[in-house]
Amino acid sequence: MNFDLSYMLEVLPGIIKYLPVTLLLAVVSMFFAIVIGLVIALIRNSHIFGLSHLASLYISLFRGMPTLVQLFIIYYGLPQIFPSLTTMGAMTAAIIGFSLKESSYLAEIFRAGLNSVEKGQMEAGLAVGMKKSQIYFRIILPQAALNALPATGNTFISLTKETSLAFTLGITELFAEGKMIASASMRFFETYLAVGLVYWLLIILYSWGQKYLEIWLSKPLRR
């Protein structure tokens, strides 16, 4: 068996050095995806003719197109149409691409979360003199957020792994560094196994954090 454990342990520090780049891509993209996804979900729930259909088209388009294709369109294609975008950096293009892609999934997750809250709560809030905006922010959104948290967490996990596609734009993150190390040493199994283990441990840590967040957020509802 031609497996060198010592070599795998040797390259781990060099791979982990690029973990901040992967986290930056994932966290920033997820932030914008949540904001865009929530706006799209609210538009879909508004049932305003025209806007609701546009939101549905947005979701269908970005869910139906491969992430890699979207990244290439944004980074290589858009500057052809808009010359002013030729100065756009690879990191910016990757964040835009990941944000748009994941927001299309989050929009449906958030819409399901909003619809899971009983309609009577809106009516009860209006009956006691609350404004619709107050009811949304104080009553409906907190409950919807808790209901949507597991699926939102799964989306973030998927996004974290998808950041490995950023290497196609020339960004050096976990996978890109592993690819360069493997090509130089020809120790493909050990190197890619090390990369995979880093992603695995990262997802385990996040899953633990999400579990405790769900417990903490559900406490007010148990009283």
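1. A residue is called buried here when its relative accessible area is under 20%, exposed when it is over 50%, and partly exposed in between, with a 1.4 Å probe and protein chains only. By that division, buried residues make up 38% of the 223 residues in the protein. The model is a predicted one, in which local features need pLDDT of at least 70 and side-chain atom pairs count only at pLDDT 80 or more, whereas totals for chains, interfaces and linings use all residues. Residues are numbered from 1 along each chain as its sequence is written, and side-chain values use heavy atoms, with hydrogens and water left out.

2. The secondary structure comes to nine helices and zero strands, where helices (H or I, at least four residues) and strands (E, at least two) are DSSP runs numbered from the N terminus. The C-alpha trace spans about 70 × 50 × 25 Å along its principal axes. Of the contacts (heavy atoms within 4.5 Å) with a separation of 6 or more, 75% are between residues 24 or more positions apart. The protein exposes about 12700 Å², of which carbon and sulfur atoms supply 69%; accessible areas come from the Shrake-Rupley method with a 1.4 Å probe, and for residues only the protein chains shown count as cover.

3. Three salt bridges are counted, each requiring a side-chain nitrogen of Lys or Arg within 4 Å of a carboxyl oxygen of Asp or Glu. One of them joins the side chains of R44 and E108 at 3.4 Å, N to O; R44 lies in helix α2 and E108 in helix α5, so this pair ties together parts that are 64 residues apart in sequence. E108 also meets R111 in a salt bridge of 3.3 Å, and these two residues both lie in helix α5, three residues apart, or about one turn of the helix. R44, E108 and R111 are thus linked in a network of salt bridges, in which R44 is buried at 17% relative accessible area, while E108 is partly exposed at 22%.

4. The side chains of R187 and E190 form another salt bridge, at 2.4 Å, N to O. Which of the two residues is buried, and which is partly exposed? E190 is buried, with a relative accessible area of 2%, whereas R187 is partly exposed at 22%.

5. Nine aromatic pairs are found in a search of the whole structure, the rings of Phe, Tyr and Trp (its six-membered ring) being paired if their centres lie within 6.5 Å, with planes under 30 degrees apart counted as stacked, over 60 as edge-to-face and the rest as tilted. The rings of F31 and F32 have centres 5.3 Å apart and planes at 70 degrees, so the pair is edge-to-face. The rings of F167 and F175 are also edge-to-face, because their centres are 5.1 Å apart and their planes stand at 65 degrees. F167 and F175 belong with F188 and Y192 to one aromatic cluster.

6. F31 lies in helix α2, residues 19-46, and is exposed, with a relative accessible area of 53%, while F32 is partly exposed at 41%. For comparison with a buried site, S99 in helix α5, residues 90-115, has a relative accessible area of 4%. Leaving aside neighbours within four places in sequence, S99 is in contact with S29, F32 and A33.
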